[in-house]
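Please open the model in your viewer and keep the selection panel at hand.

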Amino acid sequence: MYLVKDINGAIGLMAVALVLLGTWPVVLAVLERRGRLPQHTFLDFSITNFLAAVLIALTFGQIGPDTPETPNFLTQLTQNNWPSILFAMAGGVTLSLGTLATQYGWAFVGLSVTEVMASSLKVVIGTTLNYFLDSRINKAEVLFPGVGCFLIAAILGSLVHSSNAADNQEKLSSSLVNHSNNARYTANEELTKHLLEKEGPKDLEEADPDALQATQTQAKVEAGTAEFLVDLEEKRSIKVLGSHALLGLGIVVFAGVFYALFSPAFNLATNDQWHTLPDGVPHLVVYTAYFYFSLACLAVSVGLNVWFLYRPMVGVPRSTLAAYLRDGEGRGLALTAGMVCGLGNAFTFMAGQAAGYAAADSVQALPLVSTFWGVVLFGEYRRSSRRTYTLLGSMLLMFVVAMAVLMASSSHRKPL
């Protein structure tokens with residue numbers, strides 16, 4: 001039934017999960033920066049995230065002998081294991097709330113810092129809870145120094161955000177001064193250029209789309225400049241320029257606290273440390289628990305995001321169900337992100353069941369992957385100050401150390 005039965009296999013799954021869980025946030029951030037409403041994106045994301053759990057349950061959950069101790073997925077659906085099901089579903093609720101909050105956090109704080117702070121809070125709180133729930137099977141003398149490294153990374157992440165926000169404000173202020181000094185010359189120059197140009201189409205229907213696209217391409221700005229920040233603000237669906245820095249940090253802390261609770265809840269669902277199951281009823285296997293976990297996640301995500309269509313947060317435009325169904329732009333990317341996230345979470349739980357959920361929290365070093373994509377794709381931290389680069393480098397180094405230490409604390413779980 002359990003395909004991962006040794007430490008090496010568990011570490012391999014952790015590594016794969018690390019890449020998957022560090023990649024899906026980038027896809028959603030790309031869509032937000034292109035102007036797609038986060039409500040539309042998250043609804044698409046939630047569908048395939050649940051389908052990933054169904055896929056895992058009907059494949060891995062049906063492999064191996066169907067024994068009384070470790071029944072297959074379909075067998076467990078008919079058993080009296082509601083206490084464990086409720087723990088799994090509680091974990092799904094907290095994960096859904098945390099993931100929803102991070103989607104807004106990416107806009108206010110940036111992809112890199114959001115993932116760093118949320119993941120670090122998840123490790124500091126969640127890993128400590130998992131250590132005691134797992135009967136201390138992980139090596140405490142190794143595990144908790146790793147948790148400390150994650151805490152330091154979270155503090156460095158907040159400093160990176162503050163420093164980068166100050167850099168951006170300085171860029172915008174300098175650009176405003178330069179624009180004011182040159183405005184009268186630019187206006188005259190643009191007017192002359194316009195009068196000398198050949199008469200163009202009088203409405204958009206007459207315009208050549210290729211010509212319009214070429215004109216827009218010429219106006220492309222360089223990442224890291226004030227013009228880039230203004231251009232991004234005009235395109236993105238969540239407007240953030242001028243917002244208070246504490247708003248973004250508050251959203252990220254909210255996400256981190258809820259992230260911290262989903263893994264301990266899942267741990268209780270699969271190992272029944274509080275002895276809530278009736279006598280003779282086997283523990284939920286990972287695949288069954290993950291099915292119920294993802295079902296709750298889907299229900300909360302759909303419910304909240306349908307509500308946010310009509311009652312949006314933080315200045316996001318209002319929408320409707322009909323508008324969502326018509327919005328196919330970027331839908332394929334959102335659906336792909338949901339599947340990637342679903343598989344990443346499944347691999348994390350499979351590794352945690354084999355080597356301890358506290359050690360499996362090493363996948364929370366996913367900001368190493370997210371930061372790479374953030375710098376390469378989004379131009380985050382381009383033209384920033386030396387102080388920002390120093391803090392960023394220190395934060396990433398601390399994550400590398402933390403990930404290695406948590407993996408080293410792995411220990412084999414005794415059979416149920």
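A residue is termed buried under 20% relative accessible area, exposed over 50%, and partly exposed in between, with a 1.4 Å probe and protein chains only. The model is predicted, so local features need pLDDT of at least 70 and side-chain atom pairs count only at pLDDT 80 or more, while totals for chains, interfaces and linings use all residues. Residues are numbered from 1 along each chain as its sequence is written, and side-chain values use heavy atoms, with hydrogens and water left out.

**Stop 1: salt bridges**

Select R236 and E32. R236 is buried, with a relative accessible area of 6%, and E32 also counts as buried, at 5% relative accessibility. The two residues form a salt bridge (a side-chain nitrogen of Lys or Arg within 4 Å of a carboxyl oxygen of Asp or Glu), and their closest N and O atoms are 2.8 Å apart. R236 is in the loop between helix 8 (226-235) and helix 9, whereas E32 is in helix 1, so the pair links distant parts of the chain, 204 residues apart. Helices here are DSSP runs (H or I, at least four residues), numbered from the N terminus.

How many salt bridges does the structure hold? There are four. Select R36 and D44 next: their closest N and O atoms are 2.8 Å apart, and both residues are buried. R331 is buried, as is D44.

**Stop 2: the largest cavity**

A cavity is a set of points, on a 1 Å grid over the protein atoms alone, where a 1.4 Å probe fits but cannot get out; lining residues have an atom within 4 Å of a point. Grid points are joined across faces, edges and corners, and a volume is the space filled by probe spheres set on the points. A search of the whole structure finds four cavities of 30 Å³ or more.

Select L21, W24, Y259, Q364 and L366, which lie nearest the centre of the largest cavity among its 15 lining residues. The volume of this cavity is about 170 Å³. Helix 1 (7-33), helix 4 (82-109), helix 5 (111-133), helix 9 (245-271) and helix 12 (331-355) each contribute at least two residues to the lining. By class, the lining has nine nonpolar, five polar and one charged. Ala, Val, Leu, Ile, Met, Phe, Trp, Tyr, Cys and Pro count as nonpolar, Asp, Glu, Lys and Arg as charged, and the others, Gly among them, as polar.

**Stop 3: the second largest cavity**

Move to F45, N49, T99, C297 and S301, which lie nearest the centre of the second largest cavity, lined by 13 residues. Two or more lining residues come from each of helix 2 (38-59), helix 4, helix 10 (286-310) and helix 12. The cavity holds about 70 Å³ of space, and its lining has six nonpolar, seven polar and no charged residues.

**Stop 4: helix 14**

Select residues 367-378, which form helix 14; its buried residues are P367, V369, S370, T371, G374 and F378. G379 follows helix 14 and has a positive phi, near 70 degrees.

Methods. On a 1 Å grid over the protein atoms alone, a cavity is a set of points where a 1.4 Å probe fits but cannot get out, and a pocket is an open set with protein on both sides within 12 Å along at least five of seven lines; lining residues have an atom within 4 Å of a point.
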